[in-house]
Amino acid sequence: MNHEAPQKLELLAPAKTGEFGIEAINHGADAVYIGGPAFGARANAGNEIGEIAALAGHAHRYNARVLVALNTILHDNELEEARRIAWEVYNAGADALIVQDMGLLEIDLPPIELHASTQSDIRTVEKAKFLGQVGFSQMVLARELSLKEIAAIRAATATDDVTLEFFIHGALCVAFSGQCYISHAHTERSANRGDCSQDCRLPYTLSDDRGRVVAFEKHLLSMKDNNQTSNLEALIAAGIRSFKIEGRYKDLGYVKNITGHYRRALDRIMEGRPAHLPPLRASSSGKTTLFFTPDPDKTFHRGTTDYFVNERKADIGAFDSPKFVGLPIGTVTKLGPTWFEMEASEPLANGDGLNYLHKREVFGVPVNVAEQRGNVWRITPNVAIADLPGFRPGTAINRNGDHTWELLLTKKSAGRRVGIDLARSEAADGFALTLTDEEGILAAARLAIAKSPATNPEKTEATLRENLAKLGTTQSAARRIDLALSQPWFIPASAINGLRRDAVTALEAARAAAYRRPPRKAPVEPPAPYPEESLSYLANIYNDKARAFYAKHGVKLMDAAFEAHEEDGEVSLMVTKHCLRFSFNLCPKQAKGVTGVQGQVRAEPMTLVSGNEKYTLRFDCRPCEMHVVGKMKKHILQSPPPSVVAAPLVFHRQRPGADS
């Protein structure tokens, strides 16, 4: 038997709003991440302080955490506003700030935990070690890492009191997070400032160095969606302790379904943990009961991949469509003037979303009326049959909207209770009830009442237990009831209920008083040296405080962020682990040793075109990375660097030195 203290696992869910966050907690999340009033990497998912306060109050009832994203890069003029927001969310009860901009570490922040954002691009041992030494308590690692690379980072940071976090589900940015500038270069919407235009989801034509078309009008930079369900145990073994679900723009059904899915998956792993391994427990308290069966295939995804966790794979792209096509459901058998008939593997319903693929394009066939007729279903869609290209008998149909199942998620779909033990005892002037929760927190209430022997002892005890267990809509559920009584006593049901209510109220107050937010971690002294002495625009340094931070840690040369509009030539607008040469079997490493091919395939530049935009692809074969090269549009280059705070701007064609 292993007697080590259990290691804590955190299921971290997205919250578009405070309401979404509350539902994520109810469906089993140990923590949620949410945007504050400004400066979050999802610009359209901001929330007022009151919402964060309400969410924190609910989360803390279960010892769950609220992490607030303050993870854009900040203009000098925005630092004061960011400081004010940081203090406001701290005073509202937030447990941590998720940040990218190192300038924040140089201003007057509250004593709150700092977590390194995915935008920090943490993919090396050296960078992870550095961030752990400058005050970060938790960091989300790059989604492109393999299990071996994750384990190496865990080994290097094991003594730095750092929790490693990893995305386990949701949309995948094709670029290393924080290393994509295409959106800003063409639309002035900066991904590093929370306003990505998602150029990666557009169709592109790929040509080789001789102008030959390799792929025509395909979504070549669009990745399938992340799903690490089958890798959870391996990720735990590699050192991941916070399991993050992407989706601050996703709908409430997605949050409920995906959170519930991973809650069940992690619970199964913890319950089935072999005795010789260190025990595991959830980082929050309470047990979630779901009123539906989670199914990740029922909510939006572009197909699924585990990306690079188990090393490089070819089939990671959603090249045909960036849309949600759902699951195969049947085949068209007959067409009518306003309807069609189809064989279906599952029942259909009015309001279902159906679609089919024709010439690499997805066409929707929303169901108005679904009628079962023997072995087939007659569907009257909300579109004209004659307007559906390529729609004929034999067409394969997918369902991407299961109306009946989705309706379940619009209702109350989960409950969460904290287990408590109840102990009833005698007092000099009546009775006492002591409650102990699963963390060992105690609270008691007393009832002053004359003691009268029960006339029906067996029935009295059964009624007493039944009334004590009636915890109703409270956050508690009875685990055990002990009756330490010298003899059965008669007590009116109303008195028992009042005693129970008083004790539960006292316990909830005691739990609230016992909740503690961990403080911000102190950086090591003397300041840890940064792994590099010079930084390009890829470091996203956008303010003088960030420059001061890096200078303090030994960086001597610093370029300004791309958003500062100082890069006037061709540069890498995207750095990605996804390689189109590899996807189309043109990789020199693939060709190595193949008879008739070896030596003929070289890492020549290729061209990527979408509409009027043209990029050069360059390949860094040693780390297996692809660079999408282009330049900023002239009118953007000549415009003021973006800031949401109106204030006088000072521009430098060359950034002043770190000590100026």
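**Figure 1. Ring pairs join F130, Y530, F549 and Y550 into a cluster.** The model shown is predicted: local features require pLDDT of at least 70, side-chain atom pairs count only at pLDDT 80 or more, and totals for chains, interfaces and linings use all residues. Residues are numbered from 1 along each chain as its sequence is written, and side-chain values use heavy atoms, with hydrogens and water left out. Rings of Phe, Tyr and Trp (its six-membered ring) pair if their centres lie within 6.5 Å; planes under 30 degrees apart count as stacked, over 60 as edge-to-face and the rest as tilted. This rule gives 16 aromatic pairs. One of them is edge-to-face because the planes of F130 and F549 stand at 75°, with ring centres 6.0 Å apart. F130 belongs to helix α4 (residues 125-133) and F549 to helix α12 (residues 544-552), so this pair ties together parts that are 419 residues apart in sequence. Helices (H or I, at least four residues) and strands (E, at least two) are DSSP runs, numbered from the N terminus. Both F130 and F549 are buried, where buried means under 20% relative accessible area, exposed over 50%, and partly exposed in between (1.4 Å probe, protein chains only). F549 also pairs edge-to-face with Y550, the ring centres being 5.2 Å apart and the planes at 85°. The relative accessibility of F549 is 1%, and Y550 is buried at 8%.

**Figure 2. Six strands close into a barrel.** The strand order is β16-β17-β20-β19-β18-β21, with antiparallel pairing. From one strand to the next the twist averages 50° (axes are lines fitted to C-alpha atoms, for helices over the stretch in contact, and angles run from 0 to 180 degrees between N-to-C directions). Two strands pair if DSSP finds at least two bridges between them. Strands β18 (residues 353-358) and β21 (residues 396-401) are joined in the antiparallel sense by three bridges. L354 has R399 in β21 as its bridge partner.

**Figure 3. Strands β23 and β24 form a hairpin.** Four residues lie between the two strands, and G440 in the turn has a positive phi of about 90°. Strand β23 (residues 430-437) pairs with β24 in the antiparallel sense over seven bridges, and G430 stands opposite A448 in β24. In a regular strand the side chains alternate between the two faces of the sheet. In strand β24 (residues 442-448), A443, A445 and L447 make up the covered face, whereas L442, A444, R446 and A448 make up the uncovered one.

**Figure 4. The largest cavity holds about 80 Å³ of space.** On a 1 Å grid over the protein atoms alone, a cavity is a set of points where a 1.4 Å probe fits but cannot get out; lining residues have an atom within 4 Å of a point. Grid points are joined across faces, edges and corners, and a volume is the space filled by probe spheres set on the points. The whole structure contains two cavities of 30 Å³ or more. The lining of the largest cavity is formed by R312, C579, R581, F582, C587, P588, F619, D620, C621, C624 and E625. Helix α13 (580-583) and strand β32 (613-620) are the elements that give two or more residues to this lining.

**Figure 5. The second largest cavity has a volume of about 40 Å³.** Its lining consists of T118, D121, A142, R143, E144, A175, F176 and S177.

Technical notes: 1 Å grid on protein atoms, 1.4 Å probe; cavity = no way out; pocket = protein on both sides within 12 Å on 5 of 7 lines; lining within 4 Å.
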